[in-house]
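Grab a pencil and work through these exercises on one protein chain. Try each task yourself before you read its solution.

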Amino acid sequence: MTDKDLPDSLRPDTLAVHTGIHRSEANEMSEGMYLTQGYAYDDAEQARDAFAGEIDIYMYSRYANPTVTAFQERLAAIEGAEACFATSTGMSAVFVSLGSILGQGDRLVAAKALFGSTLQTFTNFFEKWGIVVDYVDGNDPADWERALATPAKAVYIESPTNPMQDVLDIPFIARLCKQAGALFVVDNVFATAIGQKPLELGADAVVYSATKHIDGQGRVLGGAILGSDEYVNGPVKLMVRNMGATISPFNAWVLLKGLETLAVRVRHQAASAMDLAAWLEQHPKVSVARYPLLPSHPQHDSAVRQMTLGGTLVTLDLAVGDGVDVAGPEAQAAAFRFMNALRLFTISNNLGDAKSISTHPATTTHNKMTPEGRAEVGISETTVRLSIGLEDVEDLRADLDQALALV
Ligand SMILES: *Cc1c(COP(=O)(O)O)cnc(C)c1O
């Protein structure tokens, strides 16, 4: 697993550069990339024993690959999880985390504010397959108590949520999951492994879109599921291997190297995000700036209890003036003027990238929701999501200031 026998209880920053190392005879410093579909057997007996499950060796890259193994070991070490299984995308991680354990008639309880494709998966497929999906208001304790008074097979949440950054009380939900006998899965993309540890807070499994901060430079797609050895190396592994949601070794290598710089990148980006959020909330052209660690955040207490960093995103509502309908075309025009005027924030829908990004959720990531559905979770035409990158924070502030003048 490592280059040397490592001392016990190393911290995540150290583990990020010293785990998942399996040097070849060449003794390379940077991890090798094994771009291979399969592996050669020494003899027919070895092939027979491998297929019989009597020996554990690499057989086929849909099953396992050394570069993918290295990525899994390193991410598990950083997260503090017993096991990790990598997947082709964040969405295949979301799908497999639940699809591998749910069957007809099983009940899934999920918080309402969900990533678009996650909601699409639940409504178009899980429900068709006879899985009962029960949605709750993630910040209403009574709704959680109602939903988990009856048994459930799994509970699924994101915290903070996209794009409104609601912070859900993970330890509280975890206690209710125990009573309901549910496997508790947390999508930890917004908080990152550096800023929040759902497994320590009582969750049973964590999923990532590694496409976001783990890559952090917008190059590849990937995902991961972390949790107990029994769950990850049981149903999760069985499903990924056989349905083929396997990550490519090239992508796994990019993400493995991304993990080495994850902590420094995310800390820098989160510090800039906190600084800009506090400044933006005082800006006359901003009506609300949402950031989990701002004292004005509605779930600030939960955020302080469970997050060590507030994440790298700031969600704004622009102040478009009294009498302007925030769901109407004038509000949208103001948001578009602001986004089009930004020079350092590229208009895109990735997040966690080295480059700062602006997104208009109502017309892009959340355009499938009805206006009423958007209003219910707090998204209006004036809402703009900012992903804060690695640029100098003063350059970002100046850019935001000149663009806000046009709102
Ligand atoms: C991007 C994202 C996903 C899906 O990840 P992909 O890598 O795009 O498949 C899931 N959840 C959240 C919160 C995301 O931001």
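**Exercise 1. List the residues that line the largest cavity, then sort them by class.**

Step 1: the lining is made of Val 189, Thr 192, Ala 193, Tyr 208, Ser 209, Lys 212, His 213, Ile 214 and Leu 262. Helix 8 (192-195) and strand 6 (205-209) are the elements that give two or more residues to this lining. Helices (H or I, at least four residues) and strands (E, at least two) are DSSP runs, numbered from the N terminus.

Step 2: sorted by class, you get five nonpolar, three polar and one charged. Here Ala, Val, Leu, Ile, Met, Phe, Trp, Tyr, Cys and Pro count as nonpolar, Asp, Glu, Lys and Arg as charged, and the others, Gly among them, as polar.

Step 3: the volume of the largest cavity is about 60 Å³, and the whole structure has one cavity of 30 Å³ or more. On a 1 Å grid over the protein atoms alone, a cavity is a set of points where a 1.4 Å probe fits but cannot get out, while a pocket is an open set with protein on both sides within 12 Å along at least five of seven lines; lining residues have an atom within 4 Å of a point. Grid points are joined across faces, edges and corners, and a volume is the space filled by probe spheres set on the points.

A quick note before you go on: this is a predicted model, where local features need pLDDT of at least 70 and side-chain atom pairs count only at pLDDT 80 or more, while totals for chains, interfaces and linings use all residues. Residues are numbered from 1 along each chain as its sequence is written, and side-chain values use heavy atoms, with hydrogens and water left out.

**Exercise 2. Describe how domain 1 and domain 2 meet.**

Step 1: find the parts. Domain 1 covers 12-258 and domain 2 covers 262-404, with bounds from an automatic or database domain assignment.

Step 2: look at the contacts (heavy atoms within 4.5 Å). On the domain 1 side 35 residues touch 36 residues of domain 2.

Step 3: check the area. About 3000 Å² is buried between the two domains, and carbon and sulfur atoms give 56% of it. Within domain 1, Met 164, Gln 165 and His 213 lose the most area to domain 2, together 24% of what that side buries. Buried area is the accessible area (1.4 Å probe) that two parts lose on being put together, summed over both.

**Exercise 3. Work out what surrounds the centre of the largest pocket.**

Step 1: this pocket has a volume of about 540 Å³. Its lining has 29 residues, and Ala 64, Thr 69, Phe 85, Lys 237 and Arg 241 are the closest to the centre.

Step 2: helix 3 gives the most to the lining, with five residues. By class, you find 16 nonpolar, seven polar and six charged residues.

Step 3: zoom in on Tyr 63, in the loop between helix 2 and helix 3. Setting aside neighbours within four places in sequence, Tyr 63 is in contact with Phe 85, Arg 241 and Asn 242.

**Exercise 4. Which domains supply the lining of the second largest pocket?**

Step 1: the volume is about 460 Å³. Among its 25 lining residues, Leu 114, Gly 116, Leu 119, His 366 and Met 369 lie nearest the centre.

Step 2: domain 1 and domain 2 each supply at least three residues. Helix 5 has the largest share, five residues.
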